[in-house]
Amino acid sequence: MLAKKRVSIPELILKIAVAWALIAFVVYPVISLLFQTFWHNGTFSAGVFGKVFSSARAVQSLKNSFILAFTLVVTVNIVGTLCVLFTEYWDIRGAKILRLSYMTSLIYSGVVLVAGYKYVYGETGFLTQFLSHFFPGMDPGWFVGYGAVVFVMTFSCTQNHMMFLKNAIHSLDYHTVEAAKNMGASGAAIFFRIVLPVLKPTFFAITILTFLTGLGAMSAPLIVGGEDFQTINPMIITFSRSTYSREVAAFLAVILGAATIILLSVFSRVEKRGNYVSVSKTKAKLTKQKINNPALNVIAHIAAWLMFLIYMLPIVLIVIYSFCDYNTIMTGEITSGSFTLENYQKLFTSIKAVQPYLVSIAYSLGAALLAALISIICVRFVRKSKNKLNTLFEYGALIPWLLPSTLIALGLTMAYGDRNPLIFNKVLVGTTVILLTGYIIIKLPFSYRMIRAAFFAVDDDLEDAAKCMGAGTFYTMRKVIVPVILPAVMSVVILNFNGLLSDYDLTTFLYHPLYQPLGIVIKAASDENASIDAKCMSFVYTVVLMILSSIALYFGQGNGMQAIRRWKQRRLEKKVYRKQAGNDG
Amino acid sequence: MKTRKSVAIGLCAAAILSLSACGSGSSGGDSGSDNSGNGQLIVYTNSGSDGRDAWLEERAAEDGFDIRVVQIAAGDLANRIVSEKNNVQADLVFGLNNVEYEKLKAEDTMEKWEPEWKDEVDLSLGDPDGYYYPIVIQPLVNIMNKDLENPPQDYTDLLSDEWTDKYTILGFGGGTGKTMLAGFLVRYTDPDGELGISDEGWETIRQWIENGHMETEGEDYVGAVIDGTRPICEMWGSGVLQNENERNTKFQIMSPEVGVPYVTEQVAILKGRNNTEKAIEFANWFGSAEVQTDWMNEFGTVPCNESAFEQAPNEVKEFVGSVHQQEIDWAFVAENLDAWVEKVELEFVQ
């Protein structure tokens, strides 16, 4: 009895600490922002309701956002799943190269990504020019509107599939597939009845993420949406910057937030009904499946390599253009004289130019790791405790999904712009910590949701076995649970790191003026008001970010660490060999 | 094993708590020493891109000022100064425009002061209460393709079918687009009208937006002016000269009879730091004829300082001579601009 009590004290302290952090940094800023925007002189202001719903543009944009979100849930799931199946499950020729091309969606995003697609399909684009040779009557401005937005976003939002679905498919127990084969099941039956059910928790999580991406779409509709297909998020961002219009922004965000809540609760209800853990304790490694039907096999190969082209063309053009002068980028006509190294020379004009990289790497890495850590702790609280109150940790971690990052930043500055007893009478605004806090907050829901999905792969029996053999909670955590969820946690950390590296929307409100992160520097250098070189610089910075993100991926996905280990091993072997040779001589 | 577990959990808790503890380190109690910032002046501006920040830091160092110029986007700069009110990070600010400075004044973020060069500038461009003083003028204009025949003389000409989809309106989120809108709206001031604007005014604005083209992200609107696909476009003063030089072309400038909005970049001293005297010293130096002449020659700005402007290159003088200032009640604009933008964004923009 006494022993038990002693154990629970540190756990209780941890629980209080996490609860305090969630209340102070997540709940309170959000509530105070909403309160201050909607509550004027003791009354709830309802005028915003009329303003929004009498605006044809706002209503149409809201509609478009929802249409886009529902469309993407279907299309991204199809393309993303195909990506994973082509590279990990079916036996397709050149899978390694395919994998690299499909993973390009992990290393770049935003305005430049959409610009890349525009250089292929847009008015002066590569494909449009090629096609107009065969169909002289075709409209060069065909790549605009709903279809164009869906196309760009479908292929650029598959990063969660490439990370999490890939992990999930590798944790599949191959014994079950073999057993089904022995019983005479067809490839299709195995896929739909054995493989898919195990992947379900991951699919749920990815579907939520995709839906949210669709609701929050920004660059793609702005650039290729045309007049007919604009979404709501750009409007929210614009309005949230003006004190006067902030209530419109907050109101629109609350509508999106309500949709998010409904979706989340539906999914967690559905999820609770199923049992997703494979029964085997000794899992066999997955072997790639041959597609037996020759016709299907050919179709699969064609589809896989077509997708390769879709993924590669924009990124190749961006890399090429980063070496080109301004006129080439604008006209799209590449000649031998177009190439220049000048753009890259501007990157490092002085030692000072290196600082933003270091600042951003430090902030992003710190926030990515802390968000993952807090998420693991919260997931444990929610899963392990019998007390219903612990579900509150889940809500706490998911709240930041309800508001766009601009409003979260504003919430933080409003809540902690003056001394506040909740954080021991400190002022957070103007310190170096507030940006880190903001980064952690906006990455918390994603981290929580993905790590929660990964916990479904943890077999309770394993944990019980460890406990029976006398292992403590923490030891079990470290030796039994963490190894199982580690791939997912690593993926979360990498995606968060890459996502934060060049963040602008939140950063611009919170960064310390003496420690400018990369996103701010990039915006200043590639802002069109700045100068004519701006366009070139945005390509150069994208390439630099691609390199940084690729390095993170390389190490995070294990290959990099393995390579280092191998190299160390070889060096050790050489040393031993040399010593031996010396002894012999 | 149990102790190890306790230690681990304790560490986790400590890590989370330290999040706030770090915060306290650099703020709060020791804010006094923090704010003195070892003598270096922190200068906020939205006008520091394109190498201006580095140039100014170097030029100031030559004359013995240790400064750090922090470039912040125009839309965020005033917000940031207001939110940092209780933990002030910068000693002075330059750039922005009268509308933004009026907001800063309302939030009590600036010190009253008097520059040595106040007799060399037109004080009516600045603040009657003496918080901010003018340094650089930006006339906001419509640039037009150099070969455009029978060009429109005024905004109101644009509403005809002849110019449907022939002109680019810059986004109302940015400074230029917003101020151009204000300049157009104040022609229709009516105390009884919605948000101080007459019905005729709102109807004109609606037609102007519907008949034109709103800037979309990433498009090359200046290129469209040059190649004639959309030959008219809004542009800020230094942008006119910069684009003419960089793209090796000439623009026609629309010069309405009522004039064009002049945005005036100002300089002000922020409240709540220990460096006020040094900051004023720097502002005196920065606004002086000598430095403003260098600034103009380097970046093509139009200085308010009259003796600096006398030495302006011909192209700058020619450009400024081709337009004149529209009379605008900035206090009225500052009071209503955000509401106007919201109305236009919600009801008129497609």
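Helices H3(A) and H7(A) are oblique to each other, because their axes cross at roughly 45 degrees. Angles under 35 degrees count as roughly parallel, over 145 as roughly antiparallel, 65 to 115 as roughly perpendicular, and the rest as oblique. H3 covers residues 56-89 of chain A and H7 covers residues 146-156 of chain A, and their axes come within 9 Å. An axis here is a line fitted to C-alpha atoms, for helices over the stretch in contact, and angles run from 0 to 180 degrees between N-to-C directions. Helices (H or I, at least four residues) and strands (E, at least two) are DSSP runs, numbered from the N terminus.

A word on the model. This is a predicted model, in which local features need pLDDT of at least 70 and side-chain atom pairs count only at pLDDT 80 or more, while totals for chains, interfaces and linings use all residues. Residues are numbered from 1 along each chain as its sequence is written, with chains lettered from A and ligands numbered from 1 in the order in which they are written.

On H3(A) the contact uses A:Leu68, A:Thr71, A:Leu72, A:Thr75, A:Val76 and A:Val79. H7(A) brings A:Val149, A:Val150, A:Met153, A:Thr154 and A:Phe155. Contact is taken as C-beta atoms, placed from the backbone, lying within 7 Å. By class, this contact has 8 nonpolar, 3 polar and no charged residues. Nonpolar covers Ala, Val, Leu, Ile, Met, Phe, Trp, Tyr, Cys and Pro; charged covers Asp, Glu, Lys and Arg; the others, Gly among them, are polar.

Next, the domains of chain A. Domain 1 runs over 57-345 and domain 2 over 346-585, with bounds from an automatic or database domain assignment. Their centres, taken over C-alpha atoms, are separated by 22 Å. How many residues of each domain are in contact? There are 39 from domain 1 of chain A and 38 from domain 2 of chain A. Among the helices that each supply at least two residues to the domain 1 side are H8 (159-170), H13 (246-273) and H14 (294-321) of chain A. H10(A) gives the most to that side, with 7 residues. The residues of the domain 1 side divide into 26 nonpolar, 12 polar and 1 charged.

Now chain B. Its secondary structure comes to 14 helices and 12 strands. Of its 350 residues, 45% are buried, that is, with 20 or more other C-beta atoms within 10 Å of their own; 12 or fewer counts as exposed, and in between as partly exposed, with C-beta atoms placed from the backbone.

Chain B is also divided in two: domain 1 is 33-137 + 263-321, and domain 2 is 139-261 + 326-348. The domain centres in chain B, over C-alpha atoms, lie 27 Å apart. Their contact takes 17 residues from domain 1 and 16 residues from domain 2.

Last, two loop residues. B:Leu195 is not a glycine, yet has a positive phi of about 55 degrees. B:Leu195 sits in the loop between strand S7 (189-194) and helix H7 (199-211) of chain B. Is B:Asn248 buried or exposed? B:Asn248 is exposed, with 8 other C-beta atoms within 10 Å.

Conventions
Contact = placed C-beta atoms within 7 Å.
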